[in-house]
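Here is a short briefing to read alongside your structure.

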Amino acid sequence: MKNIIAITLCVLSLSSYSFAAERSPASSSRRPLTYDLSGGVGSYNGNSYTELDLGLNWWVQDWLNWRNSIFTQFGSTINTVYGLDTALLVEGSLYTEGRGFGVDVFAGPGLRFANEDSNGAFAKAGLVFNLGGLRIGGGAQVTHYYTTRTDKNDVKLPDDEVQYFIILSGGGSF
C-alpha cells in the first residue's frame with residue numbers, strides 16, 4: 001500500500017448550529033447538528049493536490065456522529081475530483097468540568113462517492129485536544145478505491161492510500 005500524506009490546513013468548525021431543541025443539562029453541551037469547513041494538501045506520485053470539504057455532522061447520540069461532507073480535490077496534474085464522503089464516527093471524550101480542557105478520540109468507517117472513478121471505502125481515526133475553544137489534533141484516513149484511477153498524464157494512481165491530517169479549529173454558534 002502506498003502512503004499519501006494529506007495535511008488538513010484548517011478546520012473552521014463553525015459548529016453548534018442546531019435545527020432541534022437544546023439537549024437537557026444532563027447530556028453533552030453539543031448540539032445535534034453542526035457543520036465545518038476544512039482544507040488540505042497532499043500528493044499523488046510526487047504531484048501535489050488540494051482538497052476542500054464542507055461537512056455536516058448529525059450527532060445521533062453524544063458519542064455517535066454521522067458525518068457527510070461534500071468535497072473537491074484538485075491539482076495541476078490530477079483530474080478534479082468531487083463528491084460526497086459519508087462516515088459513521090464513534091467519539092469518546094474526556095473533559096474537565098465546564099468543558100474548558102478536554103480530549104476527543106474518534107474512529108469509524110465511511111464511503112466516498114465521487115466522479116472520475118474515485119469511489120471507495122475508508123476508515124478514519126483521530127485524536128483532538130480542546131483548550132478553551134481551540135482544537136488541535138490529528139489522525140489518519142485509509143481509503144481503498146474500487147477502480148483503477150489515473151492522473152491527467154494517464155499515470156496510474158494508487159488503489160489504496162493513507163492520508164494523515166492535522167486538525168486546527170475554533171468554534172462559534174448561532
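This is a predicted model: local features need pLDDT of at least 70, side-chain atom pairs count only at pLDDT 80 or more; totals for chains, interfaces and linings use all residues.

Strands here are DSSP runs of E with at least two residues, numbered from the N terminus.

**Nonpolar cores**

- Nonpolar side chains tend to be buried together in soluble globular proteins.
- In this model, the largest nonpolar core has seven residues, namely Ala87, Leu89, Phe106, Phe122, Val128, Phe165 and Ile167.
- At least two residues of this core come from each of β5 (81-95), β7 (120-131) and β11 (160-169).
- There is also a second, separate core of five residues, and Tyr44, Tyr49, Ile78 and Leu157 are among them.

- Leu37, Leu54, Ile70, Leu84, Leu111, Phe113 and Tyr146 make a nonpolar surface patch of about 630 Å².
- If you want to find Tyr146, look in the loop between β8 (134-145) and β9 (149-150).

**Aromatic rings and charges**

- A pair of aromatic rings is described by the distance of the centres and the angle of the planes.
- One aromatic pair turns up in a search of the whole structure.
- Its partners are Trp58 and Trp66, with 6.0 Å from centre to centre and 55° between the planes, a tilted arrangement.
- Trp58 has a relative accessible area of 42%, so it counts as partly exposed, between the 20% and 50% cut-offs.
- Trp66 is also partly exposed, because its relative accessible area of 37% falls between those cut-offs.
- Two arginines are placed over rings: the charged end of Arg112 sits over Phe71, 3.9 Å from the ring centre, and Arg149 lies over the face of Tyr145, 3.6 Å from the ring centre.

- Most residues other than glycine have a negative phi.
- Glu116 has a phi near 55°, a positive value in a residue other than glycine.
- You will find Glu116 in the loop between β6 (101-114) and β7, where this residue is partly exposed at 41% relative accessible area.
- Asp154 has a positive phi as well, near 60°, and is likewise a residue other than glycine.
- Is Asp154 buried or exposed? Asp154 counts as exposed because its relative accessibility is 63%, and exposed means over 50%.

How values were computed. Residues are numbered from 1 along each chain as its sequence is written. Side-chain values use heavy atoms; hydrogens and water are left out. A nonpolar core is a set of buried Ala, Val, Leu, Ile, Met, Phe, Trp, Tyr and Cys residues joined through side-chain atoms within 4.5 Å. Buried means under 20% relative accessible area, exposed over 50%, partly exposed in between (1.4 Å probe, protein chains only). Helices (H or I, at least four residues) and strands (E, at least two) are DSSP runs, numbered from the N terminus. Patches are made of residues with over 30% relative accessible area and no salt bridge: like charges are joined within 9 Å, nonpolar side chains (Val, Leu, Ile, Met, Phe, Trp, Tyr) within 5 Å. Accessible areas come from the Shrake-Rupley method with a 1.4 Å probe; for residues, only the protein chains shown count as cover. A salt bridge is a side-chain nitrogen of Lys or Arg within 4 Å of a carboxyl oxygen of Asp or Glu. Rings of Phe, Tyr and Trp (its six-membered ring) pair if their centres lie within 6.5 Å; planes under 30 degrees apart count as stacked, over 60 as edge-to-face and the rest as tilted. A charge sits over a ring if NZ of Lys or CZ of Arg is within 6 Å of the ring centre and within 35 degrees of the ring normal.
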